[in-house]
Amino acid sequence: MSDGNRTVAALVLNIVRQIHGVYRRLDTASTAGGGTAITQPGVLLIDEVDAHLHVTC
């Protein structure tokens, strides 16, 4: 796995961990594209977002 992909995966998993820590559960819903979304309310601020935009699929 590339460093960029690893960084984004770590960012997403850290966000999920923080949400679970606050709400003590993860409410999820299926999306139209076949994915899964976490439905707890909140505001997410990412500092230096350009550090996370260099991932290519």
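Predicted model: local features only at pLDDT ≥ 70, side-chain atom pairs only at ≥ 80, totals over all residues.
Let me begin with the largest pocket, whose lining, sorted by class, has 11 nonpolar, 4 polar and no charged residues, where Ala, Val, Leu, Ile, Met, Phe, Trp, Tyr, Cys and Pro count as nonpolar, Asp, Glu, Lys and Arg as charged, and the others, Gly among them, as polar. Residues are numbered from 1 along each chain as its sequence is written, and side-chain values use heavy atoms, with hydrogens and water left out.

The pocket has a volume of about 350 Å³, and of its 15 lining residues, I15, V16, I19, V43 and L44 lie nearest its centre. A pocket here is an open set of points on a 1 Å grid where a 1.4 Å probe fits, with protein on both sides within 12 Å along at least five of seven lines, and lining residues have an atom within 4 Å of a point; the volume is the space filled by probe spheres set on the points. Helix 1 gives the largest share of the lining, 9 residues.

As for the fold, the protein chain has 1 helix and 2 strands, following the pattern α-β-β along the sequence, with helices (H or I, at least four residues) and strands (E, at least two) taken as DSSP runs.

Now to Q40, which lies in the segment after strand 2 (36–38). Is Q40 buried or exposed? Q40 is buried, at a relative accessible area of 11%, where buried means under 20%, exposed over 50%, and partly exposed in between, with a 1.4 Å probe and protein chains only. In the protein chain, buried residues make up 2% of the 57 residues.

A polar atom of the Q40 side chain lies 3.1 Å from the backbone oxygen of R25, and the Q40 side chain also reaches the backbone nitrogen of D27 at 3.2 Å.

That brings us to D27, in the loop between helix 1 (3–23) and strand 1 (28–30), which is partly exposed with a relative accessible area of 29%. Leaving aside residues up to four places away in sequence, D27 touches A37, I38, T39 and Q40, a contact being heavy atoms within 4.5 Å. D27 and I38, 11 residues apart in sequence, are 5.7 Å apart in space, C-alpha to C-alpha.

Methods: Polar contact = N/O pair within 3.5 Å; in protein donor to acceptor, adjacent residues only side chain to side chain.
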